[in-house]
Each structure stands twice: as C-alpha cells, then as structure tokens.
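Reader: I have some questions about labels and cut-offs. Please keep the answers brisk.

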Amino acid sequence: MISITNWNCFAYFLDEIKDFVKNKLNPVKHYENIIRIKVSKDFSPFPDGAYYSSFCGENFRKNHLFQPLSQGCKVIIDLDGTNGYDSPWLKEAFGGLVVSGFDKEYLSKMLTIVSKNDSSLETECWQYILNAV
C-alpha cells in the first residue's frame with residue numbers, strides 16, 4: 001500500500017519526468033534568447049536591392065532573421081550605420097518574413113526594429129510586414 005507521503009513523492013517525480021521530456025522535445029522558450037543584429041556590422045553597410053546580390057534583402061532575411069525567429073528568439077534589428085535602404089530591400093527583408101510563413105502577431109512580439117537616425121524606417125518596415133500577404 002502507498003502512503004500519502006509516498007504518493008506525493010511519486011507524483012512530484014512524475015512531474016519532474018514530464019518537464020524533462022517536454023524540455024528535451026521543445027528546448028527553446030520564447031524570449032529566452034535575445035539576438036541583436038546591427039545591419040551595418042553584421043550584414044553590410046551597403047544593403048542592396050531585394051534579390052540577386054550578396055547584400056540583398058532576401059539574403060538578410062534568410063541568413064539573419066529566419067533561424068533565430070524560427071527558434072523562438074526575440075530579435076532586435078538596428079538599422080543605423082548603413083549607406084541607406086531602398087524600399088525593395090526593406091520589403092523583401094521584413095515583408096518577406098510573412099510571405100515565408102511567419103505570423104504577423106508573432107512578429108510583433110518577437111521582432112523589434114530600431115533606428116535612432118531615421119524613425120521613419122521603423123514605420124516603413126512594419127508597413128511591409130503588416131501589408132504582406
């Protein structure tokens with residue numbers, strides 16, 4: 001026969017096993033990691049176009065945004081320090097996240113876009129995200 005004390009220990013042990021298995025199968029927790037990306041240093045001071053160049057918006061999205069966002073990391077993008085952005089680059093880098101499967105609500109929680117030099121860039125990026133289909 002199992003006493004109340006033994007039963008409580010057994011229940012606690014089962015909960016610990018469940019948590020261990022859950023964490024092994026899904027180890028990434030939202031907001032656990034914060035990734036900071038300064039485009040000018042981590043990608044290029046000369047972002048260029050939507051496609052077909054080494055420093056295009058598509059490459060930035062695929063190589064710098066997709067993996068951390070897929071793994072539940074919060075991503076902070078600093079747009080300052082570049083030679084400027086053209087609209088196709090911004091549209092592909094940020095609007096392309098929605099096209100590639102990210103939910104807009106998820107992005108609003110997990111993605112922060114900052115520019116101290118030009119706050120209109122932040123607005124433009126979010127417009128591409130919100131208008132993407």
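Reader: Where is the place of Thr82?

Author: Thr82 sits in the loop between β2 and α4. Helices (H or I, at least four residues) and strands (E, at least two) are DSSP runs, numbered from the N terminus. A caution on the source: this is a predicted model, where local features need pLDDT of at least 70 and side-chain atom pairs count only at pLDDT 80 or more, while totals for chains, interfaces and linings use all residues. Residues are numbered from 1 along each chain as its sequence is written, and side-chain values use heavy atoms, leaving out hydrogens and water.

Reader: What does Thr82 touch, not counting residues up to four places away in sequence?

Author: Thr82 touches Val39, Ser40, Ser44, Pro45 and Pro47. Contact means heavy atoms within 4.5 Å. Separately, a polar atom of the Thr82 side chain lies 3.1 Å from the backbone nitrogen of Gly84. A polar contact is a pair of N or O atoms within 3.5 Å; within protein, one must be able to donate a hydrogen and the other to accept it, and residues adjacent in sequence count only if both atoms are side-chain atoms.

Reader: Why is Tyr52 called exposed?

Author: Its relative accessibility is 82%. Exposed means over 50%, buried under 20%, and partly exposed in between (1.4 Å probe, protein chains only). So Tyr52 counts as exposed. Tyr52 lies in the loop between α2 (39–43) and α3 (57–70).

Reader: What is the phi of Tyr52?

Author: Tyr52 has a positive phi of about 65°, although it is not a glycine. Most residues other than glycine have a negative phi.

Reader: Where does α3 bend?

Author: At His64, by about 30°. The bend is the angle between axes fitted to the seven residues ending there and the seven starting there. A proline, Pro68, follows within four residues. Among the buried residues of α3 are Phe60, Leu65 and Pro68. The buried residues of α3 pack against β1 (34–38), α2, β2 (74–78), α4 (87–99) and α5 (104–110).

Reader: What makes an aromatic pair, and how many does the structure hold?

Author: Rings of Phe, Tyr and Trp (its six-membered ring) pair if their centres lie within 6.5 Å; planes under 30 degrees apart count as stacked, over 60 as edge-to-face and the rest as tilted. The structure holds 10 aromatic pairs. Phe43 and Phe55 form one that is edge-to-face: 5.8 Å centre to centre, 85° between the planes. Phe43 lies in helix α2 and Phe55 in the loop between α2 and α3, so this pair ties together parts 12 residues apart in sequence.

Reader: Why is the pair of Phe66 and Phe102 edge-to-face?

Author: The ring centres of Phe66 and Phe102 are 5.4 Å apart and the planes are at 70°, so the pair is edge-to-face. Phe66 lies in helix α3 and Phe102 in the loop between α4 and α5, so the pair ties together parts 36 residues apart in sequence.

Reader: Which residues have the most contacts inside the largest nonpolar core?

Author: Phe60, Leu65, Ile77, Leu79, Trp89 and Phe94, in a core of 25 residues. α4 gives the most to this core, with six residues. A nonpolar core is a set of buried Ala, Val, Leu, Ile, Met, Phe, Trp, Tyr and Cys residues joined through side-chain atoms within 4.5 Å.
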